[in-house]
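Subject: Structure for you to look at

Hello,

Here is the structure I said I would pass on. Please open it first, then read the notes below it.

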Amino acid sequence: MEAEITAPVETAAVPPVGRRRRRRYSQLSRGDKITLWLMAGIPTLVHVVFVWVPAFMTISLSFTKWDGLKLGSWQLIGFRNYWAIFTVFDGKFFPALFNNVLLLVFLSLCSIVGVLFAYLLDKNIRGSAIYQSIFYMPVVLSLAIVGFIWKSVMYSPRQGLFNVVLGRTEQGNQIDWVGNAEKIFEFHIPGLDTPLGLTKNFAAILIAMAWRHIGYVMVLYLAGLKSVDPAMREAAAIDGCNEWQAFRRVIFPVMKPINVVVFVITVIEALRAFDIIFALKSPPGTKVLGVLVRDNLVGEGGGQVGLGSAYGVVLLLLCLGFIIWYLFNNYREVET
Amino acid sequence: MVKRPARRSRWSRAFLYVFLTFMALVWLVPVVSAIYAAFRPYAETQKYGIFSLPKALTLQNFKDAWTQGNMTHTFRNTMFIVIPSIVLILFFSSTMAFAVSRFSWRFNVALLLLFTAGNLLPAQVIFQPLFQMFKATPWPDLLSDTDTGSLLGTKIAVIIVHVAFQTGFCTFVLSNYMKTIPKELGEAALVDGASVSRQFFQIIMPLCRPVLAALATLEFTWLYNDFFWAVVLLNQGDERPITSSIANLGGQFFSNDNLIAAASMIVAMPTLIVYLALQRQFIGGLTLGANKG
């Protein structure tokens, strides 16, 4: 024991990193090692059992036909669920997927607005904290609550703010913002029966989501901007950069870690969107993949575990690309 | 020549203030109108619209929302879910972060990768197997308000899911923070014969207090706001949390918008108070995570 404990003093002189680490761990007493294994092991076990095991079970279930009632009564049917999604249910799947894509494009634009807000608020604004609090406030509300607030006071046909402003509150000329599944634009893709497009009510939901997303990105970005070395801005100014050039060439590259986080948050939010749409009782035309997964598993016409899982796997694959890209970026920093 | 840039910047500065103030006002519109609508009788706003001057202000909507949404009960449910979850999440993620950041061994990075990736998985992808797992786990009804005889529909199921999901994020934040604490501190304790657990509880944990406070604030709002797990795991039971109680308000064909607005405001109140009171911790926690997570 004694000898082992003094060991760090020797190795500290010339520490080859790998060996030093290992030795430090091996210096510990048996009891300490057990403690450490428990400290790391129990949380890992909980995480693996309740997150990763289910994820793999979903993948397995996607190759089965099962009503979800009795364990073991599933039938293996190969890729038939996926086949069904892309052919039989293409009228559901592709519009939902397209809604996710629209959401992604739209939230990306919102992220840019959030970055702009952060940039403006970083300019020694008097009362900056107040502006920040206001822009950030929607973020502490759940997306379900955001949905309820917008539905009841902004989009309500009879008394909602938009209709009042537009003078469309009379029976007959009211605009039903959340119920209207008319398309703003649509186009046909050869091979697909259903046209893809943006419905009016989905656009309304997008706007409500923007209200929350912009503040989120703003706060993340603002914190990053605060840590940018002021000397760099001065240098850029002295070199005659205009504001856009300074942002584009100096600040944006320095902010890379935050840019990655903002990008990942945007993508993941767009892909796993569920709450706001479900809270509004998923009106026609607003379905996204997350809602489809849930509908096939529990809702009306639920009990299609295999099919629902296959939808889930498609969602998982879409997310996984971004997750891996993100971790790859992160991993390099953890290493250093 | 010298003046021009100065004047231009003064104008652009004025424009900046106008722009920001305008946007801030726009941002406030939904919440302010929700509060305003919540205080007014439905018949009145139906007749005169939401912009009209109030003839009568009333608390009736809040009272109705509270009783119809059964909020005494659902609020209690939320607290019984959120508080144990936060305690467990912070405990697990501290021990985990301590082990991987202070005694780094080979699995360090691998474990962090596993946790972060798991944290980003969409909940929809894993819920069906979890649903089945909970359904297959017997659980005496005496210990919960349900009669399913299993973990499904109990608060414990939701707590487990929250802990499994959120521990990843907190571990990431905490391990980044713990890495900044000098190694010598732990080594000195080891030389003095302190055990690992003592080092954890008496040296490292007290130093992590600000981060733990930030994470607790952040997790409170996230878990309080959870809607997905509440809907899919607690749908049939009596154990619903407050977020899903709004969904019960009003009938299928008739909905009282002012009542919904009042209910939304009641449900939003705790998070808004926490946010306004602990803004620094809150944003601190978020940006701590943003640095890497």
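Chain B has 13 helices and zero strands. Keep in mind that this is a predicted model. Read along the sequence, the pattern of chain B is α-α-α-α-α-α-α-α-α-α-α-α-α. Chain B counts 293 residues, and 48% of them are buried. If you take the contacts in chain B between residues at least 6 apart in sequence, 74% join residues at least 24 apart.

Next, the contact between the chains. Chain B gives 83 residues to the contact, and chain A gives 84 residues. Which helix supplies the largest share of the side of chain B that touches chain A? Helix α1 (residues 3-38) of chain B does, with 10 residues. By residue type, that side of chain B consists of 56 nonpolar, 24 polar and three charged residues.

Last, a pair of helices in chain A. Helix α6 (residues 128-136) of chain A and helix α9 (residues 200-226) of chain A have axes that come within 8 Å and cross at roughly 140°. Angles over 145 degrees would count as roughly antiparallel, so α6(A) is oblique to α9(A). On the α6(A) side, the contact is made by Q132(A), F135(A) and Y136(A). On the α9(A) side, I214(A), G215(A), M218(A), V219(A) and L222(A) take part. The residues of this contact of α6(A) with α9(A) are six nonpolar and two polar, with no charged ones.

Regards

Key. Residues numbered from 1 in each chain as written. Chains lettered and ligands numbered in written order. Predicted model: local features only at pLDDT ≥ 70, side-chain atom pairs only at ≥ 80, totals over all residues. Contact = placed C-beta atoms within 7 Å. Helix = DSSP H or I, 4+ residues; strand = E, 2+ residues; numbered from the N terminus. Nonpolar A, V, L, I, M, F, W, Y, C, P; charged D, E, K, R; others polar. Buried ≥ 20, exposed ≤ 12 C-beta atoms within 10 Å, placed from the backbone. Axes fitted to C-alpha atoms, helices over the stretch in contact; angles between N-to-C directions. Parallel < 35°, antiparallel > 145°, perpendicular 65-115°, else oblique.
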